[in-house]
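Here is a brief report on a single chain. Look over the sequence and the fold before reading on.

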Amino acid sequence: MGPLGWQETVFIFVLALVIFGPKKLPELGRSLGRGLAEFKRASEELKEGLAVELSAEEDKAAAVAHEERQPAKAEAPSPGAAEEKPKGTDETRNA
């Protein structure tokens with residue numbers, strides 16, 4: 001279905017005028033305009049929120065891919081760690 005022509009638009013306007021009356025029609029138009037503006041604003045906020053979330057996910061995926069490309073560096077043990085003995089393993093009991 002294509003866009004409405006001028007004949008269809010005039011018919012809808014006359015029908016609305018007959019149904020709602022000349023006093024109620026401007027109020028109805030304002031309400032419809034406010035509703036459409038609110039819908040547009042909400043859809044824009046949703047689009048912006050989705051764009052932010054999508055870019056965050058892409059950044060996260062890029063960081064993971066970057067980490068996979070980098071070889072994992074082995075952590076060298078600290079010099080004092082080899083000298084330390086676990087507590088209670090080599091102690092002898094005095095009986």
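Does glutamate 44 count as buried, partly exposed or exposed? Glutamate 44 has 35% relative accessibility, so it counts as partly exposed.

## Overall fold

This is a predicted model. The chain contains two helices and zero strands. Of its 95 residues, 3% are buried. The accessible surface totals about 9500 Å². Carbon and sulfur atoms account for 62% of that surface.

## Nonpolar patch

A nonpolar patch lies on the surface. Its members are Leu4, Phe11, Ile12, Leu15, Ile19, Phe20 and Leu28. Helix H1 (residues 6-20) supplies the largest share, five residues.

Isoleucine 19 sits in helix H1. Its relative accessible area is 56%, so it is exposed.

## Salt bridges

The whole structure holds three salt bridges. Glutamate 27 pairs with lysine 24 at 3.9 Å, N to O. Both lie in helix H2 (residues 24-69), three residues apart, about one turn of the helix. Glutamate 27 is partly exposed at 41%, and lysine 24 is partly exposed at 45%.

Arginine 41 meets glutamate 38 at 2.6 Å, N to O. These two are also in helix H2, three residues apart. Arginine 41 has a relative accessible area of 44%, and glutamate 38 has 46% relative accessibility.

Lysine 47 bridges to glutamate 44 at 3.9 Å, N to O. They are three residues apart in helix H2, so about one helical turn separates them. Lysine 47 counts as exposed, at 53% relative accessibility, whereas glutamate 44 is partly exposed.

Note on methods. Residues are numbered from 1 along each chain as its sequence is written. This is a predicted model: local features need pLDDT of at least 70, side-chain atom pairs count only at pLDDT 80 or more; totals for chains, interfaces and linings use all residues. Side-chain values use heavy atoms; hydrogens and water are left out. Helices (H or I, at least four residues) and strands (E, at least two) are DSSP runs, numbered from the N terminus. Buried means under 20% relative accessible area, exposed over 50%, partly exposed in between (1.4 Å probe, protein chains only). Accessible areas come from the Shrake-Rupley method with a 1.4 Å probe; for residues, only the protein chains shown count as cover. Patches are made of residues with over 30% relative accessible area and no salt bridge: like charges are joined within 9 Å, nonpolar side chains (Val, Leu, Ile, Met, Phe, Trp, Tyr) within 5 Å. A salt bridge is a side-chain nitrogen of Lys or Arg within 4 Å of a carboxyl oxygen of Asp or Glu.
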